[in-house]
Amino acid sequence: MTASRNAKGRPLLTEGKRTKKIDARFTEAEFKLVLELEKQLGVRRTDLVRMRLLNNASSLVINAKDLISSIDSIAAEMGRAGNNINQLAHYANIHKIKGILREQVAERFNLLFENYIGQQKELEIALRKIIRLMGR
């Protein structure tokens, strides 16, 4: 009877069958943290433990929600800075044509542009770190 049931169902695994089990005990606070990680990352508990133990224990489990939120806030700030730079460049070009460009406008433009370049470098560094961590 079992032979006919196996023929219709999923084939038996010959390799990679998980037969060993590890039991672990947690405090209430630790278990709540595990449940929270499970919910936030969208990963089952067993997969979370497997990832943490087997996939290079020195690497981090990344909270995707926080990561996306951080990248979104950096991108929004860069957008605001870029908008200010465009407005100042437009203002400077109009006044340069008229011959009445003030030095303060050029200084403000340079300050905003330096800030923008600094934020862009920070974003590049953060993204490289994320890529390195995910590649492990």
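**Reading a helical protein**

Mentor: The classes have cut-offs: buried means under 20% relative accessible area, exposed over 50%, and partly exposed lies in between (1.4 Å probe, protein chains only). This is a predicted model: local features need pLDDT of at least 70, side-chain atom pairs count only at pLDDT 80 or more, and totals for chains, interfaces and linings use all residues. Residues are numbered from 1 along each chain as its sequence is written, and side-chain values use heavy atoms, with hydrogens and water left out.

Trainee: Which helix holds Val 49?

Mentor: Helices are DSSP runs of H or I with at least four residues, strands are runs of E with at least two, and both are numbered from the N terminus. Val 49 sits in helix H3, residues 45-54. Overall, the protein has five helices and zero strands. Its pattern along the sequence is α-α-α-α-α.

Trainee: How do I look for a pocket?

Mentor: Rolling a probe the size of a water molecule over the atoms shows where empty space is left. On a 1 Å grid over the protein atoms alone, a pocket is an open set of points where a 1.4 Å probe fits, with protein on both sides within 12 Å along at least five of seven lines; lining residues have an atom within 4 Å of a point. Grid points are joined across faces, edges and corners, and the volume is the space filled by probe spheres set on the points. Here the largest pocket has a volume of about 590 Å³. It is lined by 15 residues, and the closest to its centre are Lys 21, Ile 22, Thr 46, Val 49 and Arg 50.

Trainee: Which helix gives the largest share of that lining?

Mentor: H3 does, with six residues. Helix H2 (28-41) and H3 each supply at least two.

Trainee: Now a residue elsewhere. Is Leu 112 buried or exposed?

Mentor: Leu 112 is buried, because its relative accessible area is 10%. Of the 136 residues of the protein, 13% count as buried. Leu 112 belongs to helix H5, residues 103-135.

Trainee: What does Leu 112 touch, beyond residues up to four places away in sequence?

Mentor: Contact means heavy atoms within 4.5 Å. Leu 112 touches Asn 84, Ile 85 and Leu 88 on that count. Ile 85 is 27 residues away along the chain, yet the two C-alpha atoms are separated by 6.4 Å.
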